[in-house]
Amino acid sequence: MKNFLGIFTLTALLLGFQLNSYAAEKVEYLKTDWSFKGLFGKFDRAALQRGYQVYTEVCSSCHSMKYLSYRNLAEKGGPEFSEAQAKAIAASFEVKDGPNADGDMFTRPGKLSDKFVMPYENVKAAQAANGGAYPPDMSVLVKARGGGVDYIYSLLQGYEDPPAGVKLDEGVYYNKYMYGNKIKMSNQLSDGLVEYGDGTNATVEQMSKDVTTFLMWAAEPHLESRHRMGFKAIVYLIILTILVYFSMKRIWSRIETKV
Amino acid sequence: MSEHQYTPKSKFGKWFNDRLPLLTLANHLTDYPTPKNLNYWWTFGGILTFCLITQIVTGLVLAMHYIAHADMAFDSVEHIMRDVNYGWLIRYIHANGASMFFLAVYIHIFRSLFYGSYKAPREIIWIIGIIIYLLMMAAAFMGYVLPWGQMSFWGATVITNLFSAIPLVGEGIVTWLWGGYSVDNPTLTRFFTLHYLIPFLILGLVVLHIWALHVPGNNNPVGIDIQKPSKDTVPFHPYIVIKDGFALLMFMIVFAFFVFYTPNILGHADNYIEANPLVTPAHIVPEWYLLPFYAILRSVPDKLLGVIAMLSAIFILAALPWLDTSKIRSAVFRPLYRQFYWILVADVLILGYVGAMPAEGLYLLIARVATAYYFLHFLVVLPILGFKEKTLPIPLSITEPILGGSPNLAAAKNKESLNIK
């Protein structure tokens, strides 16, 4: 048993190293304390609400979030706006609907069941408006980047003047965390850009953290229930394993062989 | 099964069993004499059965919500993750389940290599196992294509393009596989169909695998033939059932940790970007469990030869019972083989590591050396070792070391020092 566990752990560690190297690029990202990490990680409700504000006021003019609906804003485990607030948010957007009985498309105020309104009609329109670059959809952005939340958080604060010798084309910016260091999105955040309703000081760092938290929730809306269920499942399994272990010992005690 | 003269107790049972001997089968399975010295490496057979059933059950539910269409597949996966009740749980179990399945199958295969379980009279079990392993790789590869992310699309492109290496008909075969001139909707729908089919083929082969196992019975850490049933065996139920159950629970704890706390660590981030035929990812890498073969493929400069090398690396395993010329099964009594065994384990891990790295410079050199050694192990080392190696004396029975005073006490002591039990 000990021998088995020893070899198993060793192999698992080796595999772990392998996976680690597989995760590729070793860039030192900026670190911050994410409330949603760890066994009991939960979202910071206020940060999610502030993050949503940053998204709507800054990001959403170029970036879509096509998998989210306004109803999600009021759901458990998310920003948890009240239903009235979520309804008001939805109603503040004009949604294209139709065709109506006359066969015409029309616009109406958004409802909870509507998906987030897209900033552009289609990918081509988005590219045309952004110098040929497509601002990626943000619904699963955090999961679609190797460094995850740390990468997004760092990228938002990673704009600098290019080092001597680096030539940038028109509409290309230097970011020390971007893959290849060249990014077509200009620096979007500056201190005091948004005015937080809860009085939090809107520094670049604060806004980066809030909006990244919001993006994490957007990509993993069930993260909180996953963590809760995971803890229960693992505790249950451990207790059951211990019980089965003693049953096994009892049964095998009938013969001389050890288990 | 005929050796059990089993008669059901109830009248109905007897009536039924005379017409369909299911109860005789159940009795055979519970009474099945199993060597009592099996260690925990032997529990992975049961764990693998659990993995297969988990994949089939979660897969069925996913198939109810998934849409196999190039324009909707990615969206439908996000729909499962967000709006289907516990859809995230089912999908994460299925996605991580594939990795856990391969983790278990590699332990199972390497256990077999260590204890010589592939040797006579168990060659058929071994060959069926290799076919199952091949089908698993096919199923896993096609399953990875279904979410229609960037890695799905480009992985499918790279792997299907391998067939173009076949002289003359290669290009035609690739077009036929794709159902068009590139990986597209027809490719996705056929991959979905096959991904749904293959697990049931595997299930059928698992039945044959177990059937073939129950003819000679289990090998054991000492690797000797034993009398069945005898003092050396225990009935499968309850002894092995509870032990396998205990091991399975420990395995499930690891499994649960991945599912609930790091569900995406084994996948590639690029697969959360919807497939785009116009943008090629910087590095196209397969899932971790295919990396050693990917390294072998890339270590050969010629495309056709690379494909042949990769396939040979798998098919060579099927010839293993005849390549290994040693009469002794267990590595416990083969001091030299034991060392070569661990070198092979290291070699495969190295291949896996370089498979994840770009194929250039030092990585490529290491991949080539490791590939050469892989084949050397099977084609040269094993055949020669059987004739040259001085093996340790093997005990006469499993219980013998305990009885003591046997002519093979030295071997028995050696066995204890290796902590087999």
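User: Which atoms must come within 4 Å for a pair to count as a salt bridge?

Analyst: A salt bridge is a side-chain nitrogen of Lys or Arg within 4 Å of a carboxyl oxygen of Asp or Glu. In this predicted model, K31(A) and D150(A) form one, with the closest N and O atoms 3.8 Å apart. The two residues sit 119 residues apart in the chain. K31(A) lies in the loop between α1 and α2 of chain A, while D150(A) belongs to helix α5 (residues 148-156) of chain A. The pair thus links distant parts of the chain.

User: How many salt bridges does the rule count over all chains?

Analyst: The count is 21. Two of these cross the interface of chain B and chain A. One joins the side chains of E274(B) and K66(A), at 3.3 Å from N to O.

User: Which elements of chain B give two or more residues to the side that touches chain A?

Analyst: They are α4 (73-82), α5 (87-115), α10 (236-261) and α14 (335-356) of chain B. The largest share comes from α10(B), with 16 residues. By class, that side of chain B has 43 nonpolar, four polar and ten charged residues.

User: How do I read the size of an interface? What area is buried between chain B and chain A?

Analyst: The size of an interface is often given as the accessible area lost when the parts come together. Here the area buried between the two chains is about 5,200 Å². Carbon and sulfur atoms give 72% of that area. In chain B, the residues that lose the most area to chain A are R82(B), Y239(B) and Y261(B). Together they make up 15% of what that side buries.

User: How many residues of each chain are in contact? And how many residue pairs are in polar contact?

Analyst: On the chain B side, 57 residues are in contact with 53 residues of chain A. Between the chains, 14 residue pairs are in polar contact, both residues being at pLDDT 80 or more.

User: Now the chains themselves. What is the secondary structure of chain A?

Analyst: Chain A has seven helices and four strands. From the N terminus, the order is α-α-α-β-β-α-α-β-β-α-α. Next comes the radius of gyration. For chain A that radius is 24 Å, well over the 18 Å that the globule rule gives for 259 residues, so chain A is more spread out than a compact globule. Along the principal axes, the C-alpha atoms of chain A fill a box of roughly 80 × 60 × 40 Å.

User: And what does chain B contain?

Analyst: Chain B comes to 17 helices and two strands. Its radius of gyration is 24 Å, close to the 22 Å that the globule rule gives for 421 residues, so chain B is as compact as a globular protein of that length. The C-alpha box of chain B is roughly 75 × 60 × 45 Å, again taken along the principal axes.

User: Let us turn to the backbone. Where is a peptide bond cis?

Analyst: Look at omega. A cis bond joins A120(B) and P121(B), with omega about 5 degrees. P121(B) lies in the loop between α5 and α6 (123-145) of chain B. Another cis bond runs from K228(B) to P229(B), where omega is near -15 degrees. P229(B) is in the loop between α9 (185-214) and β2 (233-235) of chain B.

User: What is the phi of E80(A)?

Analyst: Phi of E80(A) is near 55 degrees, a positive value in a residue other than glycine. E80(A) is found in the loop between α2 (45-57) and α3 (83-91) of chain A.

User: Last, confidence. Which element of chain A has the lowest mean pLDDT, and which the highest?

Analyst: Helix α1 (residues 2-22) of chain A has the lowest mean, 65. Helix α6 (residues 204-219) of chain A has the highest, 98. Chain A as a whole averages 92, and 93% of its residues score at least 70. Chain B averages 93, with 94% of its residues scoring at least 70.

User: Where in chain B does pLDDT stay under 50?

Analyst: Over residues 402-409 of chain B. For that stretch the model has nine contacts beyond four places in sequence. The model scores ipTM 0.92 and pTM 0.92.

Key
Residues numbered from 1 in each chain as written. Chains lettered and ligands numbered in written order. Heavy atoms only, no water. pLDDT = per-residue confidence, 0-100. Contact = heavy atoms within 4.5 Å. Buried area = accessible area lost by both parts, 1.4 Å probe. Polar contact = N/O pair within 3.5 Å; in protein donor to acceptor, adjacent residues only side chain to side chain. Nonpolar A, V, L, I, M, F, W, Y, C, P; charged D, E, K, R; others polar. Rg over C-alpha atoms; globule rule 2.2 N^0.38 Å.
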